[in-house]
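Reader: I'd like to go through this one piece by piece. Could you take my questions in turn?

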Amino acid sequence: MEYELVCGLETHIELSTQTKVFCSCSTAFGGEPNTRCCPVCLGLPGSLPKLNRQAVEYTVLAGLALGCGISPVSHMDRKNYCYPDLPKAYQISQYDVPLCHDGRVMLSNGRVIRIERIHLEEDAGKLIHESGRTLVDYNRCGVPLIEIVTKPDFRSVEEAREYLELMQLTMRYLGISDCKMQEGSLRSDVNISLRPKGSEQLGTRTEIKNMNSFTFMERAIAYETRRQAAILDAGQCVQQETLRFLPEENRTEPMRSKEDAQDYRFFPEPDLCAVTVSTEEVERLRAKLPELPQAKQNRYRQQFGLSEEEARLLARYRKIAEYFEAVVSHIQTPKNAANCILGQIFRRLKTEDDKERAEIPVSPDALAELIGLLESKKMRIDLLKKTLETMLDMGKGCMELLSPEDLAGISPEQLESLCRQAIDENPKAVQDFRSGKEKALKALLGAVMRQCRGCADAAETEELLRKML
Amino acid sequence: MSVIRRLHSLMQNRKISPQELTEYFLKMVQEENPRLNSCITIADKTARKQAEEAAQRFEQGSYTLFTGLPVLLKDNLCVQGLPATCASRMLADFVAVYDAAVWEQLYSDGAVLLGKTNMDEFAMGSSSETSFFGPVRNPRNETLSPGGSSGGSAAAVAGGLAVCALGSDTGGSVRQPAAFCGITGLKPTYGAVSRWGLIAYASSLDQIGPMALCAEDAALLLGRISAKDSRDDTSRGLGQTAPLLREPVTGKRVAIVREMMEGASLPVQKAIEDTVQRLHTLGISVTEVSVPVLRYAASAYYIIACAEASSNLSRYDGLRYGHRSESPAASFHEFVCRNRQEGFGEEVRRRILMGTYVLSAGHHEQYYQKARKVQSLLRRELLAALEQADILLSPVCPAPDFPAGKTLADPVAVYQTDLCTVAANLSGLPALSTPSATWENGHPVGIQLMARPFADGDLLQTAYWLETTGTRPPYPESVRVLMDGKEEF
């Protein structure tokens, strides 16, 4: 039997606000355990939450970037359950009226993924298991999270991966999260079910929780698809359950009772007033949206003539894209800037973090100046590369490093005399060319280049030689 | 002259020093507390230090009306460095790490904290008898309960251990003990006073309220503690009410709430009738109004209060603080269950279970959501009634008091007596209990006044004027001595 994979994603993203969602503790990652806590995020008796407006703004930005409608009035709700990492034994979240709703994202294969909702909530603490005991660190407790829920629109593992990478890129572009899966600022749960190809009905779904790496997610979906297919092939029913993925064993297994059929007894949070977002505020935030990655990639390809790969790489890091665009505004051929950045500059920005930070010792203006010399034919490409290396090493401008001779180039008279010299010194090549061998021109060109150490422009020289012959 | 003003004048005119005043009341507390059990913690060391600070402020001329004033706070209010037990085994060893907003305000004015008062456990009760630290006695008549849950504060003020105290009111817990002990107690409009530092019972119903010997003192205390606090999103603050107390009340319209008169005992009926007569002499008309949905008020209250309480008390698991069982547990789940079973008393456990039930899947709609609808209807009906009248008059409780020990026998019967008081909490309206001129069992019977949101001043003003007709009971002996200006203390 051929099955179709039907998949939905629930993605949690930690917002990089200055302070936590309900108190003024820092949201910085790491730190000595239980040093970034206060009565509010510890839920001490008598403490009360106060909503961080920046977290609301970041949530709205995420919603706008994903094409969502923004609820003008929503509220927070209590989600009640007991676990050591949750000090109040309830999480303040949003249940029936989320901040954002009904968005959409288009993938590269044309598939539309519908975003059902985005809501704001608080993160729990972290459990650390070591030498037979479990410790709790509440630093993370109260960090703002947005939960993005899609409808079950995914039909392949690749689509799920592409979507998640797009989420990561988009949130980084908006500057609202660093979305590092390894640090937990991006986590995803996957809902998977299978159905016979052609069927419209949804099968029974299982939920794989808390995937914190792209590869693990791919493997988990692949495994779970095989597992469910085997069950259905045997004529049995898939159990609706919550699973975790075991990367070392490359399989899923049911999670223990924490997540079993929990009744969260949701009710509106009485300590917080309604969350209102005015149309003015929505428009103000909409105006703050940067050009988003997909739009930027398309523009790079159409407007600058870059390849898909070049556009993808440059648009992947917002600061790199900004750098690139700053250089491009001062030169004629964007490809020149792309080559410098994707080649020599990227070689020095070894890690993802380095590329995100984009600390390049050469300013966009300095790079534009250098490329300008290439484009005005005062310089050849190898000299440019050599100079750029030195500029990156020393942080100096190109004019400081180049001598007048380097830039002198060849005057028309000099070029003419060099061509004449080449013609005179290579009679066989001349004869070959005159009798129709185009390739012989290259030999003459090579001779000229050798004489001037490559300072002449190849196309110009060729043309001159032709004329003279 | 009000007691607070009188004491202030004595200190201002150097007739008595803040230290002497604090010693005076500390002595009262030491002497009377064993009998009344109104205080869980007596903060004598810090009180003496605060009295010193107050004396310095008088020296420097930087004093206010509250400088040197000895007060008591209910033990569900946080004061840094002092236990905040909520009269529960669960928090018996819990020491607060920050100050409640209301204490910040009083302390910044130089008030002196004598101690923390006894109460029903986690504010759940109407008799102050569910306390882990033993029941509170009514100083007017020790065969009676002082009422609850702010019974310790009421008993202390009525007994002259302090001139005023703060309590908390979720379903009547300031007004009912005020009525049972014969003092004045106000539940402010919801949001008038910040709940930062009030250990929560039912967040959408809780308010901190002043308990004092006269309306003016209640007004002065309210004026100091009410404020919009950025830490409490539900707080709005309130303007000063004391300046308007002496404005004439002629022309005000009062209406008796018919449904709240049902089941009222004879003394209570008499108290209402007597009040009506006095209101007439003040030029106030009295009519009657019907609020039919009151029939469901007590049920709606218990559903909503218990639901919120079940959530608010979930944090008490013994992991970070609070009671930890001696018996070892095999799992986190068992650990939590043991700690809570041991840490909470029967009434608290009863309400947590009820609250969990009414929120649970399958029951959520028919209980919790329905109760919220009743709440919404009640507020609408009361606000409509308050368009026909400025103030609603009613009993505080169908009975003038409870005998000591009665409430533990039949909790649900007691729930139903909350009918008169819960309406104000459910609707967010201000409500006040003031003594009438009718006495029963050794104490004046209290009557309740309710008004529109943020019209707390109207209540205090009306109560003040009723006092002028002779309803105010004599002050406790310790206070009378100070008021009469006798030099020997």
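Reader: Which strands of chain B does helix α7 lie across, and at about what angle does it run to β6(B)?

Author: This is a predicted model, where local features need pLDDT of at least 70, side-chain atom pairs count only at pLDDT 80 or more, and totals for chains, interfaces and linings use all residues. Residues are numbered from 1 along each chain as its sequence is written, chains are lettered from A and ligands numbered from 1 in the order in which they are written, and side-chain values use heavy atoms, with hydrogens and water left out. Helices (H or I, at least four residues) and strands (E, at least two) are DSSP runs numbered from the N terminus, contact means heavy atoms within 4.5 Å, and angles run from 0 to 180 degrees between the N-to-C directions of axes, lines fitted to C-alpha atoms, for helices over the stretch in contact. Helix α7 (residues 215-225) of chain B lies across β4 (164-169), β5 (184-187) and β6 (207-212), and its angle to β6(B) is about 145 degrees.

Reader: How many residues of α7(B) are buried, and what covers them?

Author: Buried means under 20% relative accessible area, exposed over 50%, partly exposed in between (1.4 Å probe, protein chains only). By that cut-off 10 of the 11 residues of α7(B) are buried, so the helix is largely enclosed by the rest of the structure. Among them are B:Leu220, B:Leu221 and B:Leu222. The cover includes α1 (3-12), α4 (101-108), β4, β5, β6 and α16 (456-471) of chain B.

Reader: In what order do the strands of the open sheet in chain B come?

Author: Two strands pair if DSSP finds at least two bridges between them. The pairing in this sheet of 11 strands is mixed. β1 (39-42) and β8 (285-289) of chain B each have a single partner strand, so one side of each is left without a neighbour in the sheet. The order is β1-β3-β2-β4-β6-β5-β10-β11-β9-β7-β8.

Reader: Which residue in β11(B) is the bridge partner of B:Ser394?

Author: β9 (residues 391-395) and β11 (residues 443-450) of chain B are joined by four bridges in the antiparallel sense. Helix α13 (residues 364-388) of chain B lies across both of these strands as well as β7 (253-257) and β8, at about 115 degrees to β9(B). The partner of B:Ser394 in β11(B) is B:Gln448.

Reader: Is B:Ile272 buried or exposed, and which residues does B:Ile272 touch?

Author: B:Ile272 belongs to helix α9 (residues 266-281) of chain B. With a relative accessible area of 3%, B:Ile272 is buried. Not counting residues up to four places away in sequence, B:Ile272 touches B:Ile256, B:Met261, B:Leu393, B:Ser394, B:Pro395 and B:Ile447.

Reader: What radius of gyration does chain B have?

Author: The radius is taken over C-alpha atoms, and the globule rule is 2.2 Å times the number of residues to the power 0.38. Of the 489 residues of chain B, 66% count as buried, and the C-alpha trace spans about 65 × 55 × 45 Å along its principal axes. A compact globule with 489 residues would be near 23 Å, which agrees with the value for chain B, 21 Å.

Reader: Over in chain A, which strands stand at the edges of the open sheet?

Author: Nine strands with mixed pairing make up this sheet, in the order β2-β6-β7-β10-β1-β11-β12-β13-β14. The strands that pair on one side only are β2 (69-70) and β14 of chain A.

Reader: What handedness does the crossover from β12(A) to β13(A) have?

Author: β12 (residues 206-211) and β13 (residues 242-246) of chain A run parallel, joined by two bridges. A crossover is right-handed if, with the strands pointing away from the viewer, the path from the first strand over the helix to the second runs clockwise. Here the chain goes through helix α3 (residues 214-233) of chain A, and the β-α-β crossover is left-handed.

Reader: Which residue takes a positive phi in the hairpin of β13(A) and β14(A)?

Author: β13(A) and β14 (residues 251-254) of chain A pair in the antiparallel sense over four bridges, and A:Arg244 has A:Glu253 as its bridge partner in β14(A). Four residues lie between the strands, and the one with a positive phi, near 55 degrees, is A:Asn250.
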